[in-house]
Amino acid sequence: MSNLSNRLPGGTLRRAVRGLSAALLLSLAAGPALAAACPAEQPGALVPTDAELCRYLTPVVADPSGLPLGAYEEKLGLFLRNFCHRDSGAGWVRDKAVRDTGPFTTVLQSGTWTGSYHGTHAPVVIWYSPEMAQWIRDNRGPDDEAKATDDAPVPDGAILIKEMYPAPAALCADVDPLKLLPTSGAAVMVRDSMASQDGWFWGWFGWSGWDPDWPARNDQNRLAYMGFGQYCMNCHASARDNLTFSSAKNLQGEPGTPLVFLSQDEGESKPADPHHATVVLPGDDANRLGQPLNTYSAAFAAAFPPDGTAPSWADVPKMPSETYDNVWMPAGPPDGHGAYLTSDQCLGCHDAGSTGLQFDMTRPATGEHAGKLLNLSPYATWRNSPMGLAGRDPIFFAQMASETQTFHPDAADVVANTCLGCHGIMGQRQFGIDNVLAGEDCGAFGRDLVDAVPYPPDNPLAEFADYGALARDGISCTTCHRMVLGEAATAANAGTPRNACVEQRQQFLNPDEEKFAKTFTGSFLVGPADRLYGPFEDVKTAPMETALGIVPEHNATIQMSETCGTCHTVHLPVFDQGKTVGRVYEQLTYPEWAFSAYRTGTAPDGPLPFGQGERWQSCQDCHMPDTEPDGGPSRSRIASIQEYANFPQAEFAKPAEEIDLPVREDFSRHTLVGLNVFLLKMAQQFPDVLGIRTQDPMLTTKGVDPLVATEQQMLDQARTGTAKLTVSKPEVTDGTLSATVTIENLVGHKFPSGVGFRRAFVTFEVLDRLGATIWASGASDAMGRLVDAEGTPIAGELWWEPDCSARIAPLERRHQPHYQEITAETQAQIYQELVSTPPPPESRGDAALQCGHGAAPAGQLTTSFLSICAEVKDNRLLPHGYLPTDKRKQIAAALGANDDMAEDAGSTAVGDDPDYQLAEDGGGGTDSLVYAVPLTDIRGTPAAIRATLNYQATPPFYLQDRFCTAEGPDRDRLYFLTGHLNLNGTEAAGWKLRVADSGTVRLEAE
């Protein structure tokens, strides 16, 4: 064995692989005449030449869970490159010949035959290990066809190697399979029943264009070629039993004839690439969707001067590659250890085009994307939404750095665990569940665990890699589809290990709330690990149950706004010097809707006071639309799996009634977008920094890149579904040009809503006859800072000195108030929420500290979510039909919340503006203000006016606060991304997104 061991390690192993690959290339070059007949044919047999090496590798390859993935793949690659599986002397058995897995058709176009292959795989020759071949003989013979299940499970260590060849099979059918080089690689299945619930290791191997998945590369971020819980189950779960369609008829030496499919091989047809190779080789996954700036923007550097050496392309901190994010259902009946799974466990079925044969959940794209498909599947629309990106959101992580380093370092562990309970919810929760099941307390899930990866295997956080993968996967599939709401469901699931840490979270965050309000800040309970909840009745349970051990069930609450409201009502403690001094609502998007004309008037436990609003719509009606652009219903199957009626025939498949899916008329898209185009642009331009892929892993080049499609959804929502702006005819009277601007809020909650730092502002311009701006309120510079006529930021735009050395007059809380009339360029109407910290200790005296609704602002303006002592301003646009405080309190009580929820959901510092005075039957929906511009201030002769409403998800003052209050990788990453983000020529140019526009309104000629 000493000679063998000298061949296996490190560089020697790599030299052996390179030498073998070179020999294969030489053999290909030696036979050009053969290529015309069978492109895969080689002049000699490709068989094992090193029996000792194969004997060493065979038990290693038969035990995929025995090594870390990268190390196992390296050994498997050596095994296959040496053709160790083509060893009949060792008991390996192959198919009788190359065989099709579906029909091949040709069409005569312009005098040329064009071929198209429709197989579930490319034409195959499968090789079976001795254990696998014997199992097939015992369980898959002619006498077994009528059975409902196999007599015995596939034994551990059994292996199938599906070598794949050019289509159709007739091209190579007459060639000795030993002389064929698999031109499309090989699909691999290795039985390992104790490693995963489905009991198989899956993968694709290529004799060229393949390398191990670990270490993952941030310039690729590809869907892993191999691993447990892979997408292959979207077809294999339709097998009768044991997730394989294997039949003894295919084995060499066994009686019977393999299935035969239509094969039209006229002329010099050129078949399309087999789908399996397309899935795992989608090209350069790291292609940027837009070119970032090569160097820091001059405007950015001027606005936010670097503190020391700014991170560069070479050293910007990168998030771990998405390739590592693979957490599958453990072996055995699902329990608490499998409460949360990464989305790659769902994408095989719930992403469009994953079988390569059916394209449900798509529609043809138009315009510049004509010829491609829009991917409307649950996975693709969710993956690139802010929810799908939540676990990698660079803005969130910089915010958390500020919270733990500067705002509340004395409570850093509590802060991180609380914040990651939403943005990294699956990792944080699974970490707590596993601790409880081990007899320990819930523990605190820290920022370092989000970066935990399994490579190299001896790294300090490798044992936490699953939690890191779950956290980075964002607010993912098993987050929402395991949620239980309502008193009965909550009682049935309370007191279980899977919910023990959630109940602690409820007590910490919502100690005085009851019923639904107990679930605020993402504190909902979940059902058992063997159940998932969806909106449809009469679902086909067999595929998911086979693949994951999970039974999908109908649950009406998944379609109710409360499913969204549990996370989009954020109730947090107020920390002061390490102590909790109160609790406030940091976000109130759900209550804003529940208090508006858009409310449905019901909740999981029944009707709410005042019933349905006049404009009633659920959150899902807007954010998960189920209609087409023409207003008709969306119709689609809800998954892409191997069905019985519309797939090539396969032996030992489940019956049609178990796997054929109905077309649903209420197919909802998981778009889940607001207006954060800025985050989407970061994802498009910096996939290597965020560790994400830009191309869909299933639809690949056939589809519009999902990040582009998601941005388009945001732009459509901004222009047609957010706000409407109108201006009155401008008049000139007594030396003043005046006009009234009216804005109507079209959304079912405040605008803006969500995190308090989002803002919208009005830009009002006076134009000369050539269209040049000669006076403006709400003008902005290249970084989106609102500026006066000299380009100087107006009051409230800067919170810090440029070098971050000190706050600017912090206790003055400088900001733009709510205006009913604007007369100067130093004034701007900004719709926003501003909050302040507790007053500094030295100014309190002996008075007891009071924080919450009604507390007078006495501290400094803050972006800290956990320092909100008082509200300084909230003039955000109210939704239509907004109820007065007393009625809001009644709805809050019915939801289990206290009066403060109703009070905090009101407006602050809007004076006597009648647009914010709510009548008994509700009000809101619009705001009007007058621009009265002295002619003496206008730099020219006015000829027209124009007003626009602009949106900023991350205003300049917010970015400055991040750069001045945080340090380390998360701060540096955000600094690099915002400094290099190229918004030129985009809808977000100038760091503002235009939502509504009056167009040019001309003055009446005198």
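**Basis.** I worked on a predicted model, in which local features need pLDDT of at least 70 and side-chain atom pairs count only at pLDDT 80 or more, while totals for chains, interfaces and linings use all residues. I numbered residues from 1 along each chain as its sequence is written, and I used heavy atoms for side-chain values, with hydrogens and water left out.

**Terms.** I took helices (H or I, at least four residues) and strands (E, at least two) as DSSP runs, numbered from the N terminus. I called two strands paired if DSSP finds at least two bridges between them. I used buried for under 20% relative accessible area, exposed for over 50%, and partly exposed for values in between, with a 1.4 Å probe and protein chains only.

**Entry 1: strand E21.** I looked up the side chains along E21, residues 736-745, and found that they alternate. Leu737, Ala739, Val741, Ile743 and Asn745 point to one face and are buried.

I then listed partners of E21. Strand E19 (residues 723-727) runs antiparallel to E21 and is joined to it by five bridges; Lys724 stands opposite Glu744. Strand E20 (residues 731-733) pairs with E21 in the antiparallel sense over three bridges, and Thr733 has Thr736 as its bridge partner. I noted that E20 and E21 form a hairpin with two residues between them, and that Asp734 in the turn has a positive phi of about 55°. With strand E29 (residues 926-934), E21 pairs in the antiparallel sense over nine bridges; there Ser738 has Ala932 as its bridge partner.

**Entry 2: two open sheets.** I traced an open sheet of six strands in the order E1-E4-E5-E6-E7-E8, with antiparallel pairing. Strand E1 (93-94) and strand E8 (226-228) stand at the edges with a single partner strand each, so one side of each is left without a neighbour in the sheet. Within this sheet I checked E5 (residues 159-164) and E6 (residues 186-191), which pair over five bridges; Lys162 stands opposite Ala187 in E6.

I also traced an open sheet of three strands, ordered E27-E26-E28, again with antiparallel pairing. Strand E27 (861-862) and strand E28 (870-874) are its edges, each with a single partner strand, so one side of each has no neighbour in the sheet. Two bridges join E26 (residues 833-836) to E27, and Ser836 stands opposite Leu861.

**Entry 3: backbone exceptions.** I kept in mind that most residues other than glycine have a negative phi, and most peptide bonds are trans. I found a cis peptide bond between Tyr455 and Pro456, with omega about -10°; Pro456 lies in the loop between helix H15 (447-450) and helix H16 (465-472). Another cis peptide bond joins Phe751 and Pro752, with omega about -10°, and Pro752 lies in the loop between E21 and strand E22 (759-767).

I recorded a positive phi, near 55°, for Gln577, in the loop between strand E15 (569-576) and strand E16 (579-588). Gln577 is exposed at 57% relative accessibility. Phe610 has a positive phi near 75° and is partly exposed, with a relative accessible area of 34%.

**Entry 4: Asp803.** I located Asp803 in the loop between strand E23 (773-777) and strand E24 (821-822). Asp803 is exposed, with a relative accessible area of 54%.
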